[in-house]
Amino acid sequence: MIIILKQGVSALEKNNIKKTLEEKGFIVKEIVGKEDTVLGAVGTASIDPRSIEVLDGVSSVVPISKPYKLASRELKKEDTIVSVRNVKIGGSRIAVMAGPCAVESEDQIMRIAEKVREAGAVILRGGAFKPRTSPYSFQGLGEEGLKYLRKAGDAFDMPVTTEVVSPKDVALMTEYIDMFQIGARNMQNFELLKEVGKTGMPVLLKRGLCATIEEWLMAAEYLMASGTDQIVLCERGIRTFEKATRNTLDCSAIPVVQKLTHLPVIGDPSHATGIRDMVSPMALALIAGGASGIMVEVHDHPEKALSDGPQSLYPEQFERLMRDIEALAPVVGKAVEKMPRRIPASMKEGAKESTIKEGEDLVAFQGERGAFSELVIRRTFNEDQGVLPCKEFKDVFDAVAKGNAKYGVLPIENTIGGTIYENLDLLNVEDNITVVGEAQLRVIHNLIVNPGVKMEDIKRVYSHPQGLKQCKEFLEKNLPNASLIPFYDTSGSVKYLKENNIMDAAAIAGSPAAAHYGMCVLKQSIETNPKNYTRFYVITRKENADVFKSAAKPNRASMTFSVPDKPGALFAVLDILQKHGLNMKKLESRPILGKPWEYSFFVETELSDEHDLDSIIPVLKENTVSFRILGTYTAAH
C-alpha cells in the first residue's frame, strides 16, 4: 500500500509511521516526489488500512493493485534515474552501453573499450562468465576476465557491467564491476536475484526468453524487495515461432513497460536479431519507441570472436550508429548521455613544459596548445609526444621543411566546411614534403568560460569562424544577444579569455583546450551537426617517409597533376585510373599560381594489393603536363 504523508510532516511523525509498519512485518520505502512524500509498504502481512490512516502525519492510504508493488508506477509517479557511477540512465537521457560479448584477453578488451568510448558509449560491457547453450562453447575467463574488464574501465574512465550467473560469484564480482547484469536465462533465478539485490548495486535486468511483461516486472520486484532500487530493465527479444531472426524484438514492450513502472527500460538489438546488419536499424527503432538507451555488442574482429561474432558491430558501424542516435534523440525529446572526452595528461593544465624533451623529434601543428590538431597528434603518435604549435598553416610546412619538426599534422577536409584549400595548395608547392599518414577526429565543440562565469554573464563569444558557424543553432537559441567575434584559432580564443581574465565572454573550442588552460566547460557538444569530422594529413620530408610506419599497408594515394589544354584531357587521366582498377575518392581543381585560368587537379585514390602504383605512374605522366605523387598512406577509419 501507499501511505501519502501530510505536507509538513515532522521527522518524528514519519519515523513513528515507519516503525509501526515495520513492526507489522512490512518493508518500507520512502519516496520523495515533486508534490508529495509517500511511504511504500510491501509484504505478506495483512492490515486494516484505517489503523495507519489514523496515525499522526498520514494524509491517506491507497492500496497498490499491481502484484509488483515497489516497481509499480502507482507507488512512484516520477521516473527513477539509475546512477552507475557518473552515468545516469532514465528520464530524458539515452545511455549507450557497448563492448564485446565476451572478454577474450586484456589486449582485446582494451582495444575495444578505447573505440567504443571514443564513439560515445558511456558504459563498457563484456562477459566474464558466459552461460552458453552448449557445454562445449566458450564459458568465459571468470575472475581473470573481470580483472581485464576493470582495467579497461579504469583506463578509459567508464563504468563496467557484466553478467552474473551464480549466487556464489556475487561477492567476488562486487570487487570489480559497477553494475550487475542478469541475463535472460536467469531472469527467474530467484535465489540469484535475492543475492544480487542484497548488494544494493545497480542491476541490468534482461527480459526472459518467454517471459511476459508482468513476470519481468515481478523479477524486478525480487531485486527491489531484497535491497536495490537501482534497476534498469532490458528488452532483448523474446522467443516466437519466427526463425528469420535470433529472437523477436518486442519494441512495443518499451512504451507498455514505461506506463507500468517507474524503472528505466533499454533495449538490446544485438541479442534480439543475432544479425549484424539488423542491429543498427533496430537500435534506432528502440530509441524511437522511447527506450532510455541501448546495449550493443562491438568487436574489432567479429569473424574471430569466441562468442556471438555474427551479431557484433564493427567499431566503424558502431560509430555511425552513435551519430544516428544523436540525430534521432531530439526528435523523441531526449539527449544522448555523454562523458567528457578523454584528455591525455600531457594536454592538461600544468603540462606545458613537460611535452618538449631535449633531442626529441617534434610534431608541428597549427594553433595553440589544446587545439584539435594537438589531440590528433596525441592519438596518432603517443600521449606525451613533443609538439610545436604554429600560428599559420604555412608555418607548419616551414617547420617540417627546415627540420625544426620531423612531422606536421594538418587538417585537409571537414565534413561540414569542406576541403581546406590552403593546405592543398601548400602541398602542391613544397616539393620535398610528402604525406605519410591520415587521421580522423570528431569535432566536439564546447562553450568554455573562466571559472565562475554563468550563461547570463556572457556578452561575447570568441572562436574560429568555422567554430561560430558550426554552433549557430545553439548560439541563436541560448545567446541571441551575444556578439560573435571571429578569432584565428579555437584554442587560441580560450587562451585569450584565460590570459585576460575576461568574465563576460565565452569561447567555443574543444575540451582539451579547456583542460590545458584550466577553464570550465559550461556546455558540452554544442555543435549543430553531430556528424562533424575533420580529416588530417601527417606530413614529413621525403627522406623521413620510410620512418613513419603504419601497422597496415598503405591503401590510399594522393596525387596532383595538370593536363594539356585540349578536349578530353582530364577524362583521359581519369580513364587510366579506372582501367587500372583505382577507385578515385576525391577530385579537386585548383588554380595554378602565376598562370591565370590554368588549373591543376588533386586526386585521392584507393590502392590495393592487385594494383602496382609504380607501374601506373609512367602512363599517367605521359598523359599530363605535370604529375606528382603527394604521398601514400593508410586511410583512417
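Me: Is Lys151 buried, partly exposed or exposed?
Reply: Lys151 counts as partly exposed, at 42% relative accessibility. The model is a predicted one.

Me: What does Lys151 form a salt bridge with?
Reply: Its partner is Glu106, and the closest N and O atoms are 2.4 Å apart.

Me: Where do Lys151 and Glu106 sit in the chain?
Reply: Lys151 is in helix H4 (residues 143–155) and Glu106 is in helix H3 (residues 106–119). The two are 45 residues apart, so the pair links distant parts of the chain. Glu106 counts as partly exposed, at 29% relative accessibility.

Me: How many salt bridges does the count come to?
Reply: The count comes to 45 salt bridges.

Me: What about Arg85, which side chain does it meet in a salt bridge?
Reply: Arg85 meets Asp178, with an N to O distance of 3.5 Å. This pair also links distant parts of the chain, its residues being 93 apart. Arg85 is in the loop between strand E5 (82–84) and strand E6 (87–89). Asp178 is in the loop between helix H5 (170–173) and strand E10 (179–182).

Me: And Asp178, buried or exposed?
Reply: Asp178 counts as buried, at 13% relative accessibility. Arg85 is partly exposed, with a relative accessible area of 38%.

Me: Moving on to Arg535. Which side chain does Arg535 meet in a salt bridge?
Reply: That of Glu438, at 2.6 Å from N to O.

Me: Are Arg535 and Glu438 buried or exposed?
Reply: Arg535 counts as buried, at 10% relative accessibility. Glu438 counts as buried too, at 10%.

Me: Which residues are in one network with Arg535 and Glu438?
Reply: Glu413, Arg556, Lys586, Glu588 and Glu604 are joined with Arg535 and Glu438 into one network, through salt bridges that share partners.

Me: Changing topic. How many disulfides does the count come to?
Reply: The count comes to zero disulfides.

Me: Cys210, buried or exposed?
Reply: Cys210 counts as exposed, at 60% relative accessibility.

Me: Now cavities. How many of 30 Å³ or more does a search of the whole structure find?
Reply: The search finds one. The largest cavity has a volume of about 40 Å³.

Me: Which residues line the largest cavity?
Reply: The lining is made up of Leu424, Asp425, Asn428, Thr560, Arg590, Ser600, Phe601 and Phe602.

Me: Which elements give two or more residues to that lining?
Reply: Helix H14 (421–429) and strand E29 (599–606) do.

Me: What does the lining look like by class?
Reply: The largest cavity is lined by three nonpolar, three polar and two charged residues.

Definitions and conventions: Residues numbered from 1 in each chain as written. Predicted model: local features only at pLDDT ≥ 70, side-chain atom pairs only at ≥ 80, totals over all residues. Heavy atoms only, no water. Disulfide = S-S within 2.5 Å. Buried < 20%, exposed > 50% of the residue type's maximum accessible area, 1.4 Å probe, protein only. Salt bridge = Lys/Arg side-chain N within 4 Å of Asp/Glu carboxyl O. Helix = DSSP H or I, 4+ residues; strand = E, 2+ residues; numbered from the N terminus. 1 Å grid on protein atoms, 1.4 Å probe; cavity = no way out; pocket = protein on both sides within 12 Å on 5 of 7 lines; lining within 4 Å. Points joined across faces, edges and corners; volume = space filled by probe spheres on them. Nonpolar A, V, L, I, M, F, W, Y, C, P; charged D, E, K, R; others polar.
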